[in-house]
Amino acid sequence: MITTDISARFRDAFRGYPTGVALISAAGPDGPAGLTASSVASVSVAPPALSFSVMGSPSARVIVDAPSFVVHLLGPSHAGIAAAFATAGAPRFTPEQGWDTLPTGEPLLAGAQAALRCRPLHLLPVGTSTVVVAEVLSVVLGDLGDRLIHFDRTFTTAKGH
């Protein structure tokens, strides 16, 4: 069993570790679902695959149950959307946020630095989370300018090349 002290120290350790910011979206039985994630990582180039983890929120359950979803890698102009999708009850999938729908049905965020359409390969339950390993089926590249990062529970930016 993990003690509260270790859990708190673990959270503190990762608060100081900057990560990229992604928004993961899927078409669900009751409409689109999405969430903000800072755990996206490249797994393989051949075949193209990535991983991320989600907790047991209603949006996470839709994504985990979906036959496909889109992982959007976000830039600085998407900080507000990232915050909205990280906050329960905040507006999601509004016209002002710039959403479209792929021919395959998944929600697509226009202007993302990259949008990777994926299908799940492996779901690994770990405590209250699920690690998802997914095959990348297609990639839409946008402007790869400055970066949106999550650091110390805040969205901030970093300069690109």
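Which residue forms a salt bridge with Arg119? Glu135 does, and the closest N and O atoms of the two are 2.8 Å apart. This pair links distant parts of the chain, with Arg119 in strand 9 and Glu135 in strand 10 (residues 129-141), 16 residues apart. A salt bridge here is a side-chain nitrogen of Lys or Arg within 4 Å of a carboxyl oxygen of Asp or Glu. This is a predicted model, in which local features need pLDDT of at least 70 and side-chain atom pairs count only at pLDDT 80 or more, while totals for chains, interfaces and linings use all residues. Residues are numbered from 1 along each chain as its sequence is written, and side-chain values use heavy atoms, with hydrogens and water left out.

By the salt-bridge rule the count comes to 2. Glu106 forms a salt bridge with Arg117, again with the closest N and O atoms 2.8 Å apart. Glu106 lies in the loop between strand 7 (99-101) and strand 8 (107-109) and Arg117 in strand 9 (residues 114-126), so the pair ties together parts that are 11 residues apart in sequence. Both Glu106 and Arg117 are buried, where buried means under 20% relative accessible area, exposed over 50%, and partly exposed in between (1.4 Å probe, protein chains only). Arg119 is partly exposed, because its relative accessible area is 35%.

The protein chain has 3 helices and 12 strands; these are DSSP runs numbered from the N terminus, helices being H or I of at least four residues and strands E of at least two. Of its 161 residues, 36% are buried.

His72 counts as buried because its relative accessibility is 0%. A polar atom of its side chain lies 3.0 Å from the backbone nitrogen of Leu109. Beyond four places in sequence, the contacts of His72 (heavy atoms within 4.5 Å) include Val21, Trp99, Leu108 and Ala115.

Now the nonpolar cores, each a set of buried Ala, Val, Leu, Ile, Met, Phe, Trp, Tyr and Cys residues joined through side-chain atoms within 4.5 Å. The largest has 20 residues, of which Ile24, Leu50, Phe52, Phe69, Val71 and Cys118 touch the most other members. Among the elements that each supply at least two residues of this core are strand 2 (22-28), helix 2 (58-65) and strand 6. A second, separate core of 11 residues includes Val21, Ile81, Trp99 and Leu148. In soluble globular proteins, nonpolar side chains tend to be buried together.

Methods:
A polar contact is a pair of N or O atoms within 3.5 Å; within protein, one must be able to donate a hydrogen and the other to accept it, and residues adjacent in sequence count only if both atoms are side-chain atoms.
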